[in-house]
Amino acid sequence: MAIRKITEYPEKVLAEMGKPVTEFGEELEALCADMYETMYDAEGVGLAAPQIGLNLRLFVMDCEGIKLIAANPEIVGTEGEQSSPEGCLSVGKFPAVVVRPNKVRLKAQNEKGEWFEREAEGYAARCFLHETDHCDGKLFIDHLPKMRRDMLVKKFQKEKRLR
Ligand code: NI
């Protein structure tokens with residue numbers, strides 16, 4: 001296992017549509033083990049493959065008791081609405097309130113290639129949506145009104161310069 005370098009906004013891979021995962025088994029399991037290690041090290045609750053520089057539709061998460069690997073994730077159902085702060089390891093963890101559905105149904109394949117569906121509410125549902133967005137080349141800041149997005153990006157760029 002190894003901790004990988006986390007890609008940061010505005011790296012190109014974060015804005016690209018991920019390629020479908022087609023190979024399952026040992027190699028994918030090893031990659032997911034690295035992703036988990038990287039995520040825990042950064043104290044995140046989810047991490048998608050583009051965040052370690054791979055243009056792949058894949059994420060891992062461990063959020064409010066839901067720990068899973070999702071390859072080729074799709075959101076197949078949503079219900080209600082929630083409005084809470086959200087952050088991203090690729091944007092310096094600066095939080096911003098994003099309006100999202102409150103209840104979400106995720107369909108994905110596990111590391112063996114088996115399809116499953118899982119439902120979540122609240123924070124874990126937000127995580128399903130946030131990580132699936134990453135697989136589609138979308139960041140949470142893309143959901144913000146332009147002014148709030150620009151402000152957050154400015155804060156992040158300033159923090160990056162001071163590192
Ligand atoms: Ni993120």
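Me: What share of the 163 residues in the chain is buried?

Reply: Buried residues make up 48% of them. Buried means under 20% relative accessible area, exposed means over 50%, and partly exposed lies in between (1.4 Å probe, protein chains only). This is a predicted model: local features need pLDDT of at least 70, side-chain atom pairs count only at pLDDT 80 or more, and totals for chains, interfaces and linings use all residues. Residues are numbered from 1 along each chain as its sequence is written, and side-chain values use heavy atoms, with hydrogens and water left out.

Me: How many helices and strands does the chain have, and what makes a helix or a strand here?

Reply: Three helices and seven strands. The order along the sequence is α-β-β-β-β-β-β-β-α-α.

Me: Why is the chain called as compact as a globular protein of its length?

Reply: Its radius of gyration is 15 Å, and the globule rule gives 15 Å for 163 residues, so the chain is as compact as a globular protein of that length. The radius is taken over C-alpha atoms, and the rule is 2.2 Å times the number of residues to the power 0.38.

Me: What makes α2 largely enclosed?

Reply: Burial counts 13 of its 14 residues, so the rest of the structure largely encloses α2. The helix covers residues 122-135 and reaches 20 Å from first C-alpha to last, close to the 20 Å expected. That expected span is 1.5 Å times one less than the number of residues. Glycine 137 follows α2, with a positive phi near 75 degrees.

Me: Which atoms count as donors to the nickel ion?

Reply: Cys88 (SG), His130 (NE2) and His134 (NE2), at 2.1 to 2.2 Å. The cut-off for donors is N, O and S atoms within 2.8 Å of the metal (3.2 Å for Na, K and Ca); water is not among the atoms, so sites may look incomplete. The spacing of the donor residues is C-x41-H-x3-H. Cysteine 88 lies in the loop between β4 (82-86) and β5 (96-100), and histidine 130 in helix α2, so the pair ties together parts 42 residues apart in sequence. Cysteine 88 and histidine 130 are both buried.

Me: How do you know that arginine 100 and aspartate 133 form a salt bridge?

Reply: Their side chains meet at 3.1 Å, N to O. A salt bridge needs a side-chain nitrogen of Lys or Arg within 4 Å of a carboxyl oxygen of Asp or Glu, so the pair qualifies. Arginine 100 sits in strand β5 and aspartate 133 in helix α2, 33 residues apart. Arginine 100 is buried at 4% relative accessibility, and aspartate 133 is buried at 13%.

Me: Is aspartate 136 buried or partly exposed, and what is its partner?

Reply: Its relative accessible area is 31%, so aspartate 136 is partly exposed. Aspartate 136 forms a salt bridge with arginine 57, the closest N and O atoms being 2.4 Å apart. Arginine 57 has 13% relative accessibility, so this residue counts as buried.

Me: How many salt bridges does a search of the whole structure find?

Reply: 12. One of them joins arginine 4 and aspartate 34 at 2.9 Å, N to O. Arginine 4 is in the segment before α1 (26-41) and aspartate 34 in helix α1, 30 residues apart.

Conventions: Helix = DSSP H or I, 4+ residues; strand = E, 2+ residues; numbered from the N terminus.
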